[in-house]
Amino acid sequence: MTPAKYSPVTERTVLDLAALVGKSNVAVDMEKRIAYSYDEVPRFSWDREYIAEAVVFPETTEHVSAVLEYANRNRIPVTPRGAGTGLSGGAVPFAGGIVLSFEKMRRILELDKKNLTITVEPGVVTAEITKTARQEGLLYAGDPCSGDASFVGGNVAENAGGNKVVKYGTTGNSVLALEAVLPDGTVTWFGGKRRKDATGYDFAHLIVGSEGTLAVVTKIILKLLPLPGKVVDLLVPFPDVASAIDFAPRIQSEGKVIPSSIEFMDGKSIRLAERFLNTVLPYDDAGAHLVIQLEGNDPNVLADDMERIGDLCLASGALEVFVADNKTTSDKLWKARKCLAEAIMAFYPKYSLEDLVVPTSEIPKLMAETTRLCGKYGIEEANFGHVGDGNMHVNLLFPEERPDWHDIIDALLDELYDFTASIGGTLSGEHGIGLKRQKYMCRVMDGAQMELIRRVKLAFDPNEILNPGKMISCPGRGE
Ligand SMILES: Cc1cc2nc3c(=O)[nH]c(=O)nc-3n(C[C@H](O)[C@H](O)[C@H](O)COP(=O)(O)OP(=O)(O)OC[C@H]3O[C@@H](n4cnc5c(N)ncnc54)[C@H](O)[C@@H]3O)c2cc1C
């Protein structure tokens, strides 16, 4: 049902939308409406169905502008949607209305070798950008585990992280400029191809991570870097979680290198990956694995780095150091790391995938508290994540159906989120707040910050048509 402050999509609306973007770019059949109404947060997590009233597939910025101007004038909610791989319910149409899907805006517009930039539409799949840059000997550093499916527009809206954050930062670090359509249909550019900018507020990076609540992104200029000549992955089993986590920061402080990745998988995750991929990984009975990626141009320097880090691992209790220096072994290793969320979805009837981030020094405390809480509530855990940047995917798992699973998750998250905040952490490192975590925002933001978020939202979107129900609850939203 459409909340009172919004207008429903009527037959007239559908005709009007078709006139704006073409009949073939508007879908209202129930099958499509449902297919475009959920992301990778399972439907069982929600208290009710959230179904779009119409799905619109814009092909140009002009289409987006026309749809937003129309929706704003008629008070119809609009939810932008990328590939729907989100893990926070960001693309779920909380208030019904229009879902704006970017799958037809998927052109790579320019690769500018002089300025080292690539300009893309929001519906380009992340891996396409990596591939295109690579063909020119360049690196696009955004590397979420979902990169073969996610759209870059979704990456920008979530400020996606991934496997290379420890060295290159999140998606936002690669964003130089955005073409954005404001909720009233105004088209504007934030940022430019310049590498620095001290002129006014940094709106481009306010839009980054705003989860489609402030503006709709229609073009993105991304920074490119030189592609490292050689990459080596190390798979390092440790006897237990604590020794692997304690070791991770020493790679930089004592090993004197900034790896491009330091990833962590606990024993349960290792065995889940094996089962999901029907494969065998070395030392699969280890308590935890680290995956360390090193890169460089000079093979001798890289070999030295590798040896030094390998020795440090072994001197710090590692059971072995496996070197993946060719594509086959490296692919196998990364497939195991990247399949974990899907493995959980395949094997557990109920689960909650969390995305906590804490100062790296506090990860051991976070892991210990997670284990304590899972014991207290009688459920299983499998933890993996980007240990190099403090972002741990704590996963709460129910091996069997339980009618009270929702109450258990709620009670456990109450405690876990409070604990995370108490050690300087926060709710999400990369998956975002969306619909899933909005009720917990006040645990980590004080009243002044919540009020600022509300005011920024209303400054961009006074009628609150853009992705309502996400990130914060605005007064007078009407649901
Ligand atoms: C198996 C798996 C692994 C994952 N691994 C990672 C990981 O390593 N790192 C990581 O950060 N995330 C990861 N994710 C989460 C997810 O892939 C990212 O959040 C991704 O950025 C979402 O992109 P999407 O195109 O699917 O966006 P969607 O899920 O469709 O949308 C996400 C948000 O972006 C908004 N949005 C989409 N397009 C636009 C636009 N053009 N303008 C304005 N707002 C827009 C939507 O409204 C929504 O709020 C993973 C997910 C899965 C399923």
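**Ligand shell and overall fold**

By class, the shell around the ligand comprises 15 nonpolar, 16 polar and five charged residues, where Ala, Val, Leu, Ile, Met, Phe, Trp, Tyr, Cys and Pro count as nonpolar, Asp, Glu, Lys and Arg as charged, and the others, Gly among them, as polar. The model is predicted, so that local features need pLDDT of at least 70 and side-chain atom pairs count only at pLDDT 80 or more, whereas totals for chains, interfaces and linings use all residues. Residues are numbered from 1 along each chain as its sequence is written, and side-chain values use heavy atoms, with hydrogens and water left out.

Of the 36 residues around the ligand, those that come nearest are Pro80, Gly82, Thr85, Cys145 and Ser146; a residue is near a molecule if one of its heavy atoms lies within 4 Å of it. Strand S3 (78-81), helix H5 (152-158) and strand S10 (216-223) each contribute at least two residues to this shell. The most, five residues, come from H5. Helices (H or I, at least four residues) and strands (E, at least two) are DSSP runs, numbered from the N terminus.

At Val217, a backbone N or O atom lies 2.9 Å from a nitrogen atom of the ligand. Of the 980 Å² of accessible area that the ligand has on its own, the protein covers 97%, with areas taken from the Shrake-Rupley method and a 1.4 Å probe.

A search of the whole structure for disulfides (cysteine sulfur atoms within 2.5 Å) finds zero. Cys145 is accordingly in no disulfide, and the nearest cysteine sulfur, that of Cys339, is 9.7 Å away. Cys145 is partly exposed, with a relative accessible area of 28%, whereas Cys374 is buried, at 2%; buried means under 20%, exposed over 50%, and partly exposed in between (1.4 Å probe, protein chains only).

The protein chain contains 18 helices and 19 strands. Its radius of gyration is 23 Å, close to the 23 Å that the globule rule gives for 479 residues, so the chain is as compact as a globular protein of that length. The radius is taken over C-alpha atoms, and the rule is 2.2 Å times the number of residues to the power 0.38. Along its principal axes, the C-alpha trace spans about 70 × 60 × 45 Å. Buried residues make up 56% of the 479 residues in the chain.

Note on methods:
A polar contact is a pair of N or O atoms within 3.5 Å; within protein, one must be able to donate a hydrogen and the other to accept it, and residues adjacent in sequence count only if both atoms are side-chain atoms.
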